[in-house]
Amino acid sequence: MTPAFADRDSIAAKLATLSDLDKPVIALIMENPLQDVSLIEGLHWHLDQASKAKFLNSLKLEGLGEWLGHSAPARLQIRLSEVAKSSQHPAYAAFKAGLARSGGLERAFPKA
């Protein structure tokens, strides 16, 4: 059974605020592979909304990328990287910068 908070809009709202109360909820969602699609859709929705905003808070988006990169399991690292590369808008670039700084992809798939 999927919890009520695991839809795209709710996840996007939690990613937008990313408060100390939201982080454990997002971490719990990331633990469940059945919710990967909702998480990625919510992330796309959040980044799309950020790209349409009048004010771009790039530091917050970088922080989100860094936190997700540190917190997400290995199975999500490639998908997070794909999201970061899916647009050239500065919102996506800021997210990508934080994600790269986290080193999550390198930890998940170390070079031989």
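In this predicted model, R8 lies over the face of W45, at 3.9 Å from the ring centre. Aromatic pairs, by contrast, number zero in a search of the whole structure.

**Helix α1**

Helix α1 covers residues 8-17, and its buried residues are I11, A12 and L15. Viewed down the axis of α1, these buried residues fall within an arc of 100°, so they line one face of the helix. The cover over the buried residues of α1 includes α2 (22-31), α3 (36-52) and α4 (58-71). Just after α1, L18 adopts a positive phi of about 40°.

**Helix α4**

The 14 residues of α4 should span 20 Å at 1.5 Å a residue, and the end C-alpha atoms of α4 are 20 Å apart, which agrees. Buried in this helix are L61, E62, L64, G65, W67, L68 and G69. The buried residues of α4 pack against α1, α2 and α3, and also against α5 (74-84), α6 (90-102) and α7 (104-108).

**The nonpolar core**

The largest nonpolar core holds 25 residues, of which I26, M30, L43, L68 and F95 touch the most other members. Each of α1, α2, α3, α4, α5 and α6 supplies at least two residues of this core. When residues up to four places away in sequence are not counted, L43 touches L15, L64, L68, L80, V83 and F95. Among these contacts of L43, L15 is one of the buried residues of α1, while L64 and L68 are among the buried residues of α4.

| Residue | Relative accessibility | Class |
|---|---|---|
| S81 | 13% | buried |
| A97 | 32% | partly exposed |

S81 lies in helix α5. Buried means under 20% relative accessible area, so S81, at 13%, counts as buried. Leaving aside residues up to four places away in sequence, S81 touches L99 and L105.

A97 has its place in helix α6. At 32% relative accessibility, A97 counts as partly exposed, because that class takes in values between the 20% limit for buried and the 50% limit for exposed. The C-alpha atom of A97 is separated by 7.2 Å from that of G65, although the two residues are 32 residues apart along the chain. G65 itself is one of the buried residues of α4, and α6 is among the helices against which the buried residues of α4 pack.

Note on methods
Residues numbered from 1 in each chain as written. Predicted model: local features only at pLDDT ≥ 70, side-chain atom pairs only at ≥ 80, totals over all residues. Heavy atoms only, no water. Buried < 20%, exposed > 50% of the residue type's maximum accessible area, 1.4 Å probe, protein only. Helix = DSSP H or I, 4+ residues; strand = E, 2+ residues; numbered from the N terminus. Arc of directions from axis to C-beta. Contact = heavy atoms within 4.5 Å. Phe/Tyr/Trp six-rings, centres within 6.5 Å; stacked < 30°, edge-to-face > 60°. Lys NZ or Arg CZ within 6 Å of the ring centre and 35° of its normal. Expected span 1.5 Å × (residues − 1). Core = buried A, V, L, I, M, F, W, Y, C linked by side-chain atoms within 4.5 Å.
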